[in-house]
Amino acid sequence: MARYELVKRSVALITLTNPPVNSLSSAVRHGIAKTMDRALSDPKVTAVVICGENGRFCGGADIREFAGPMRGPPLLPLLDSIEAGEKPVVAAIEGVALGGGLELALVCHYRIAHSKARLGLPEVTLGLLPAAGGTQRLPRLIGIPAALELITTGRHVSSQEALKLGIVDQVTEQNVCEVAVEFALRAVAKPLSSRRLSALTVPCPPDLDALLEAVTMQIQKKARGMMAPLACVQAVRAAATMPYSQGIKRESELMATLFNSGQARALQYCFFAERTAGKWTLPSGAQWNDTKPREIRSAAVIGLGTMGRGIAVSLARVGISVIAVESDKKLMETGRQMVIGMLERDAKRRGVSASLNLLKFTLSLQDLKDVDLVIEAVFEDMALKKRVFQELSKLCRPTTLLCSNTSGLDVDALAGVTDRPQLVIGMHFFSPAHVMKLLEVVCGPRSSSETIATAMSLGKRMEKVSVAVGNCPGFVGNRMLKPYSDQATFLLEEGATPEQIDKVLEDFGFAMGVFRMSDLAGLDVGWRVRKESGLTGPDVDPKNPPRRRQGRKYCPIPDMVCEQGRFGQKTGRGWYMYDKPGGTNAKPDPLIQNLLETYRSRYGIKPRNITDQEIIDRCLFALANEGFRILEDGIAARPEDIDVIYQFGYGFPRHRGGPMFYASMVGLERVLERLEHYHQAHPDVPHLEPSPLLKKLVACGSPPIQKWREHIKTMHSHL
Ligand SMILES: CCCCCC/C=C/CC(=O)SCCNC(=O)CCNC(=O)[C@H](O)C(C)(C)COP(=O)(O)OP(=O)(O)OC[C@H]1O[C@@H](n2cnc3c(N)ncnc32)[C@H](O)[C@@H]1OP(=O)(O)O
């Protein structure tokens, strides 16, 4: 796990060999300890270079080992002994030096980085802090403000920025190991005392307290409810105010608190869930690593509304030429200006030039006949989409992939109107599509494995987190949203207010409560869907009992809000009031309060005091319950896929893992007990009836989430 060679007759070259990222597993730590001992005790060796195999220095601690008991040599004393050694040690950084990997480099006396390397202390993103001396050494090297920023955000820096900050001594475009060996030879016999970071004093800013206070406030606003960034601030404060020996103790104490916290477990679960999501498998046996995606060089986007514009930008900025189609000249011109503006702003932010030459705008579908792939992003109307797909089927060459950005309509019905159902697939982007990271790749029963592989690979190229899901109304994300938002509106009937529910959900960690989110998305969309499904509007049978539709409980309050022309932020009124149409500053509206009171008295509902816990339990357990049904139905292959969708598409707090991980942490027995309790109280709400899978898992002793798959006996997977 660490290879030892003697080069240039006097330099010990230690190479970490633990693919794919040379993480510091117990075997690697053991290897480092052994090879360093050999190097330090061999009189022929005058200097040491540490590097990593396969172009990667080190990706940090082996995160998988965090789940088990600590084995192998502890990292901290090992690193201290490298720093204390009497022979110069040079880190040759290629690829990445992250977390424990950068901490290893910080105990080396010199650091040489390749020009393409990235460095950082991302522990905070895993619910931890850099506890192998990182919080104490980095501030001594680059000062408190810069170290605080890097440690509390986990941001990676380029080697050029690392050089400016003083993290590395030299950046090279040559073979970094060879450069490091030459550097090491020159360093022999130079004094090492000033190169031992733990021995340096911290350059402390005069306004330390104000700085720490400002950063703490920023964290409380941006990383609401997260423990790790606040612990990082405390550890850096220790570096600034204590000698190294005490600071390091404080670092360990803070790490111990974080290490065993639910937040660290959730964030580490998220790390692997995100990587697992790309690994799809079909019932046919075809899977992500044995199906070759097609290369996509050109694409078309039909419809230049909010979604179409974001999709066009996402394609063009990764070098794909885009033909954007609109149905009328004025709309096309507006779309053109918006797309160009978005692409220019995006390029400026990334420090690259905008790829405007890749864009073409047209009014004619005829222009699409030679593209590799089309993404339809027209209005969410099945008849309209079918017409577009029929037309594309006639116009495009037979190998063109046809994709729909529908947010919930039947992808197979669209495939059915074409001459190539195997090349039809859903690509459900989230708004704004050039910003939101999530892409649901909706596999119809006839989508070929090559089509799925191509859509997934295109998503990755567009820097999206892509999750393959099956075809059912609402797919995964929007299907689960219904029971969640239904519970919120039932709670309004019973006595809660939108602001109370939103506050509870936001305190839980959601980016936005359900009502603020609906105001942002626009309330008219759901209203139209409810009218089309006969739940509200003139088609509802007047003999229908109030507050019941289609044999189940129904809350008409959202319809009443829309009937008043309150469609959310865009109209300046919704569940909240805003300063102006398009405003974002939500204020509670007495008119909504009034509407709720009138409604309750009309139906003789006596408002009751609703606790925060009831809001959380009803909304989130109904959400997870639908997730269990989705797993049973084979619409999602794994709970991890659902959790990734909720984190990246619906603002579910990452430090809670996602709805399924949250359910597992709360305890499946409790989730089942609460659902049974609420279903008894509301037997006409089928979403509260515990799913068979949940019952089965509880009956099997509530296995850990990674084992749920073994209990899912899906009749037929929709993937
Ligand atoms: C008990 C010991 C006490 C130690 C005390 C010191 C504490 C130190 C704390 C740490 O060091 S925490 C770890 C900090 N490091 C990170 O957060 C880096 C995580 N990795 C990444 O960001 C990326 O993987 C990468 C290194 C930038 C490479 O990205 P790339 O897109 O090229 O590949 P991936 O698909 O992300 O990863 C490939 C493969 O490798 C697995 N993996 C990556 N990093 C680790 C790791 N640190 N530990 C374990 N496994 C890792 C990843 O899961 C992929 O494998 P999979 O099978 O496809 O899931």
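Residues are numbered from 1 along each chain as its sequence is written, and side-chain values use heavy atoms, with hydrogens and water left out. As the model is predicted, local features need pLDDT of at least 70 and side-chain atom pairs count only at pLDDT 80 or more, while totals for chains, interfaces and linings use all residues.

**Ligand site**

- An N or O atom in the side chain of R275 is 2.6 Å from an oxygen atom of the ligand.
- For K279, a side-chain N or O atom is 2.6 Å from an oxygen atom of the ligand.
- A61 uses its backbone: an N or O atom there lies 2.8 Å from an oxygen atom of the ligand.
- The protein buries 78% of the 1100 Å² that the ligand exposes when taken alone (accessible areas by the Shrake-Rupley method with a 1.4 Å probe).
- Helices (H or I, at least four residues) and strands (E, at least two) are DSSP runs, numbered from the N terminus.

**Sheet β5-β7-β8**

- Three strands form an open sheet of mixed pairing, in the order β5-β7-β8; two strands pair if DSSP finds at least two bridges between them.
- β5 (96-98) and β8 (156-158) stand at the edges with a single partner strand each, so one side of each has no neighbour in the sheet.
- From one strand to the next, the twist averages 20°.
- β7 (residues 118-120) pairs with β8 in the antiparallel sense over three bridges, and L119 stands opposite V157 in β8.

**Backbone details**

- Most residues other than glycine have a negative phi, and most peptide bonds are trans.
- P19 and P20 are joined by a cis peptide bond with omega of about 5°; P20 lies in the loop between β2 (11-16) and α1 (26-41).
- Another cis peptide bond joins S431 and P432, with omega of about -5°; P432 lies in the loop between β15 (424-429) and β16 (438-443).
- K8 is not a glycine but has a positive phi of about 50°, and is found in the loop between β1 (2-7) and β2.

Methods: A polar contact is a pair of N or O atoms within 3.5 Å; within protein, one must be able to donate a hydrogen and the other to accept it, and residues adjacent in sequence count only if both atoms are side-chain atoms. Axes are lines fitted to C-alpha atoms, for helices over the stretch in contact, and angles run from 0 to 180 degrees between N-to-C directions.
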